[in-house]
Amino acid sequence: MIVLAIDTAGTGCSAALYDSNRDVVLGAAGADIGRGHAERLMEFVDGALAAAGLDLPAIDRIAVTIGPGSFTGIRVGVAAARGLALALGIPAVGVSTLSALAAARSGPLLVAIDAKRDEVYWQAFTADGSEATQPAIATVEEARAIAQAHDGDIAGSASALLREGAVAETDGVDIATVARLGARLDPQNHLPKPLYLRGPDAKPQAGFAIRRA
């Protein structure tokens, strides 16, 4: 199976082509761009395709990160994955950024992402990588109490906020891990739907009326 993996959930924007039969990444492209995912994503998809020597019709499945993370970035990635899947007539699956971060580790794990505004996205995983809790958001103070009770390692960009001596990590996920997870997921049970654990920063204006001529 050839999987196109897309990640726009954080400051990075990346794409990769993965052959699940051989467990090989055929080509990848991307960069840490901060913003502007909508403008750059298809550039990186084209770059990954070129590096793999493939065209769009060769893709059997699309995997995309669904968050938690950047509200705008998630929306861009999910919309692109859905659109490509519809155009190509292939399934698309959503991969949690928390699961992608956990997949690179072993043992009981608490994954914590800095959500800013004194909040943390978090999820606990068992020794075999299964979900021990559902993805959630908590204040840093609440998350520290969760981390104190957790008997295992901590991973993610909020690690240093929750446990003394922990090393701070980046928000980025490994695009190859996203592809591998996406190849294993059941499309019927993992539709690419944004995982928003809080509302967007931008709020519609209230009480604003357009004056009629």
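What is the strand order in the open sheet of five strands? I read β3-β2-β1-β4-β5, with mixed pairing. For my labels, helices (H or I, at least four residues) and strands (E, at least two) are DSSP runs numbered from the N terminus, and two strands pair if DSSP finds at least two bridges between them.

Before going on, I remind myself that this is a predicted model, in which local features need pLDDT of at least 70, side-chain atom pairs count only at pLDDT 80 or more, and totals for chains, interfaces and linings use all residues. Residues are numbered from 1 along each chain as its sequence is written, and side-chain values use heavy atoms, with hydrogens and water left out.

**Confidence.** I checked pLDDT, the predictor's confidence in each residue, from 0 to 100. The chain has a mean of 91, and 93% of its residues reach 70 or more. Residues 202-213 stay under 50, and the model gives them zero contacts beyond four places in sequence; contact here means heavy atoms within 4.5 Å.

**Five-stranded sheet.** I went back to the order β3-β2-β1-β4-β5. β3 (24-32) and β5 (92-96) each have a single partner strand, so one side of each is left without a neighbour in the sheet. From one strand to the next, the twist averages 20 degrees. My angles run from 0 to 180 degrees between N-to-C directions, with axes as lines fitted to C-alpha atoms, for helices over the stretch in contact.

I then followed β4 (residues 61-67), which runs parallel to β5 and is joined to that strand by five bridges. V64 is opposite G94 of β5. Helix α2 (residues 71-88) packs on this sheet, where I found α2 touching β1 (2-7), β4 and β5, at about 160 degrees to the direction of β4. Helix α6 (residues 175-184) lies across β1, β2 (12-19), β3, β4 and β5, and runs at about 130 degrees to β1.

**Two loops.** In the loop between β4 and α2 I found P68, which a cis peptide bond joins to G67, with omega about 5 degrees. In the loop between β2 and β3 sits D23. The phi of D23 is near 55 degrees, a positive value in a residue other than glycine.

**α1 against α2.** At what angle do α1 and α2 pack? I get about 40 degrees for helix α1 (residues 37-52) and α2, with axes 10 Å apart. α1 and α2 are therefore oblique to each other (under 35 degrees is roughly parallel, over 145 roughly antiparallel, 65 to 115 roughly perpendicular and the rest oblique). H37, A38, L41 and M42 of α1 meet G73, V76, G77, A80 and L84 of α2.

**Four-stranded sheet.** The other open sheet I looked up has four strands in the order β8-β7-β6-β9, again with mixed pairing. At its edges I found β8 (136-139) and β9 (153-155), each pairing on one side only. Here the twist averages 35 degrees from one strand to the next. β6 (residues 109-116) runs parallel to β9, and three bridges join the two. L110 has I154 in β9 as its bridge partner. Helix α4 (residues 140-149) packs on this sheet and touches β6, β7 (119-125), β8 and β9, with its direction at about 110 degrees to that of β8.
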